[in-house]
Amino acid sequence: MSGQKLIQCFSLNKSEIVFVFSDDVNSFSIKSWFGEISLFSFPDTEPKTGRNTKNLFEEIIGTKVSECLIHPHDRSFRINFEKEFSLVFMMYGKNGNILIFNKNVQVEKFRLQFEKHKNILLSDFDAYTNPQFEEYTLLSKEKGAINAIKDLFAGLSPVMIQYLEAHEIAMKPIPDQWIRIKNLETILLSGPIDIIQPASAGNEQVILTLLPVEYAGNKTFTTYDVIEAVNEFANRYFYEKHFRELQTSALASINAAIDKAKKQLNSARQTVLSLASDNNYKLLADIIMANLHDIPSGAESIKLFNFYTKADVEIKLKREMSPQHWAEKLYRKSKNQVIEQQKTVEKIKTLESVIINLEKELLQISAIENFKELKLVSKATEKELKNNPVLPYRHFSYEGFDIYVGKSAANNDKLTFGFAHK
């Protein structure tokens, strides 16, 4: 990269930043992504920018690279530019960031949410010094091998420490401990880099490892080239990430549809039970018709003998309506109850069928391991859920009344002319 000029630096979202370099003949880009992990890669294709894409880190746009440096035992590196500018890539997992310095002073940063990053100086990345055998010997005698390694070799991850523990480093004499540490460094610096595909698609992340240890999954890629490794890892990581997100979203949509359908099914079953046991309209109409001669004109209520229960019952009347007309209205209401019961039974059958189909789709999507297949199936499912005729309205009950509310103008039409009745 030495001599390359930074011609563009932009971000398409809060997690991703792209740098484009050129030597006036050829150009290439590097991309960093910060989410649950930190990623760095060299995309094969030219990055696409939007109409209103603005350059970031304008201080160094047009400036040439002088050198690239790694920071020993730290997950970070820097690109130094002319005019004493430095771009530091802090690949700290979910806390990753990119900082720009002029001399030792921080000028700007990509991710603003980390308060601790404000006070970092460029010199902080030069604080590490290589431990010597004598220093390690004293510390190992005082604290033990594992604590000495953690104190002196800050760049070793927990998995790397576990690797040394598995080789019983603490049980060895101190000279042998030192040899094992140096052997591990050799593996990390010059050994193969492996990419492990998760054992089951969609459940675990892709793993990049420098260690010859067993992981749950299949070793699908091996290289000694660091650039090749980070590019392949980024591609596979995003493939798995997008797969997981799409599968999770599809399953959530289906589960939500199943829950809605089950609630509607439960409500419909309650309605059927209520209607089956509710013959009050017909019963009251029968009593009124049997006692027409005993009901005075203009009465608002009256106690009449209920020949079904052999006891008196108080019946509400309409002052402006004759008892006979009121009884006819109650008969119509009773008839409407029968119609509503029939429609609700039909709705129950439809809902039961919908739930069975949705549960089949749930199992199908859970079993898919191919991204393209998942995309096709989830699109079809999304379309089906969108056009689902079972859920065009909301249902409420209030003081014995069923209230149906359409979710849109089109659904109100369906509700009025397809579902509703006299």
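Which residues does serine 378 touch, not counting residues up to four places away in sequence? Serine 378 touches Leu246 and Ala250. Contact here means heavy atoms within 4.5 Å.

The model shown is predicted: local features need pLDDT of at least 70, side-chain atom pairs count only at pLDDT 80 or more, and totals for chains, interfaces and linings use all residues. Residues are numbered from 1 along each chain as its sequence is written, and side-chain values use heavy atoms, with hydrogens and water left out.

**View 1. Serine 378 sits in helix H8.** Helix H8 covers residues 371-386. Helices (H or I, at least four residues) and strands (E, at least two) are DSSP runs, numbered from the N terminus. Serine 378 has a relative accessible area of 9%, so it counts as buried. Buried means under 20% relative accessible area, exposed means over 50%, and partly exposed lies in between (1.4 Å probe, protein chains only). The serine 378 side chain also reaches the backbone oxygen of lysine 375, at 3.1 Å. A polar contact is a pair of N or O atoms within 3.5 Å; within protein, one must be able to donate a hydrogen and the other to accept it, and residues adjacent in sequence count only if both atoms are side-chain atoms.

**View 2. Helix H7 meets helix H8.** Two packed helices are described by the angle between their axes and the distance between the axes. The axes of H7 (residues 323-367) and H8 come within 11 Å and cross at roughly 160°. H7 is therefore roughly antiparallel to H8. Axes are lines fitted to C-alpha atoms, for helices over the stretch in contact, and angles run from 0 to 180 degrees between N-to-C directions. Angles under 35 degrees count as roughly parallel, over 145 as roughly antiparallel, 65 to 115 as roughly perpendicular, and the rest as oblique. The crossing of H7 and H8 is left-handed. A crossing is left-handed if the near helix is turned anticlockwise from the far one by less than a right angle, and right-handed if clockwise. H7 contributes Leu358, Glu361, Gln364 and Ile365 to the contact. H8 contributes Leu374, Val377, Thr381, Glu384 and Leu385. These contact residues divide into five nonpolar, two polar and two charged. Ala, Val, Leu, Ile, Met, Phe, Trp, Tyr, Cys and Pro count as nonpolar, Asp, Glu, Lys and Arg as charged, and the others, Gly among them, as polar.

View 3. Isoleucine 258 has a relative accessible area of 5%, so it is buried. Isoleucine 258 and leucine 358 are 100 residues apart along the chain. Their C-alpha atoms are separated by 6.6 Å.

**View 4. Helix H2 passes helix H3.** The axes of H2 (residues 145-152) and H3 (residues 158-166) come within 11 Å. They cross at roughly 150°. H2 is therefore roughly antiparallel to H3. The crossing is right-handed. Ile146, Ile149 and Lys150 of H2 meet Ile161, Leu164 and Glu165 of H3. The contact residues divide into four nonpolar, no polar and two charged.

**View 5. Threonine 223 lies in strand E12.** The strand covers residues 217-223. With a relative accessible area of 6%, threonine 223 is buried. A polar atom of its side chain lies 3.0 Å from the backbone nitrogen of aspartate 225. Leaving aside neighbours within four places in sequence, threonine 223 is in contact with Pro192, Ile193, Glu228 and Ala229.

**View 6. Serine 27 belongs to strand E3.** The strand covers residues 27-34. Serine 27 is partly exposed, at 35% relative accessibility. Leaving aside neighbours within four places in sequence, serine 27 is in contact with Phe21, Ser22 and Glu46. Serine 27 and glutamate 46 are 19 residues apart along the chain, and their C-alpha atoms are separated by 9.0 Å.

**View 7. Phenylalanine 57 and histidine 73 have positive phi values.** Most residues other than glycine have a negative phi. Phi of phenylalanine 57 is near 50°, and phi of histidine 73 is near 55°. Phenylalanine 57 lies in the loop between strand E4 (38-41) and strand E5 (65-70). Phenylalanine 57 is buried, with a relative accessible area of 2%. Histidine 73 is found in the loop between E5 and strand E6 (76-81).
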